[in-house]
Amino acid sequence: MAGAVLAAFASFAQAHQQPDASMSGPSPLADKVRAANSRFLDVKAAAAEGYAPIPCASGITGGAMGIHYVNGTYLKDDKVDIARPEAVMYEPMADGTLKLVAVEYITSKGPASLDGQLFNFNSAPNRYGLGEFYELHVWAWKGNPTGTFADMNPKVSCEHAMMPTQ
């Protein structure tokens with residue numbers, strides 16, 4: 001099941017850093033997400049916790065989500081836990097490093113919310129071949145001009161993406 005979900009999300013597309021100053025206004029939830037997940041600033045921490053990379057996801061009209069490191073165990077449990085996101089998202093940089101930009105929470109149980117922020121609903125059938133699910137992106141480390149909780153970020157690029165080996 002986890003492999004199918006990882007494959008479906010593949011079609012969906014380490015330097016220490018501070019949050020981007022151009023964030024679209026203060027977000028208490030983004031602050032909480034940053035505090036709970038800053039251990040992922042180093043991609044090796046994600047790999048050590050069972051997250052596996054899938055290819056970089058770009059938007060049809062521009063922007064991207066980056067490379068998702070997905071935890072199959074968390075995908076299956078349907079729990080929403082701020083410190084255990086189902087996916088950790090990295091932007092590939094020109095020097096080959098991966099820069100933490102966001103996390104994504106995914107559950108099939110809904111309607112779902114985290115700290116009062118509603119998840120986006122994806123119906124079935126969908127282009128991922130999954131049943132219906134709810135997802136929430138939180139751009140806690142890189143500002144997103146389309147919103148802290150938008151799916152794609154026009155300031156993120158897959159231009160330098162290579163399948164990571166970490």
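**Exercise 1.** Does Tyr134 count as buried or exposed, and at what relative accessibility?

*Solution.* The model under study is predicted. Step one is to recall the cut-off: a residue is buried under 20% relative accessible area. Step two is to apply it: the relative accessibility of Tyr134 is 13%, so this residue counts as buried.

**Exercise 2.** Classify the ring pair of Phe121 and Tyr134, and locate both residues in the chain.

*Solution.* Begin with the geometry. Planes under 30 degrees apart count as stacked and over 60 as edge-to-face, with the rest tilted. Here the ring centres are 5.0 Å apart and the planes meet at 50°, so the pair is tilted.

**Exercise 3.** State how many aromatic pairs the protein has, and describe the one formed by Tyr69 and Tyr90.

*Solution.* The count is four aromatic pairs. In the pair of Tyr69 and Tyr90, the centres are 5.4 Å apart with 75° between the planes, an edge-to-face arrangement. This pair links distant parts of the chain, 21 residues apart: Tyr69 is in strand S2 (residues 64–70) and Tyr90 in strand S3 (residues 87–92). Both Tyr69 and Tyr90 are buried.

**Exercise 4.** Describe the overall setting of these residues.

*Solution.* The protein contains four helices and eight strands, in the sequence order α-α-α-β-β-α-β-β-β-β-β-β. Of its 166 residues, 48% are buried.

Note on methods. Residues numbered from 1 in each chain as written. Predicted model: local features only at pLDDT ≥ 70, side-chain atom pairs only at ≥ 80, totals over all residues. Heavy atoms only, no water. Phe/Tyr/Trp six-rings, centres within 6.5 Å; stacked < 30°, edge-to-face > 60°. Helix = DSSP H or I, 4+ residues; strand = E, 2+ residues; numbered from the N terminus. Buried < 20%, exposed > 50% of the residue type's maximum accessible area, 1.4 Å probe, protein only.
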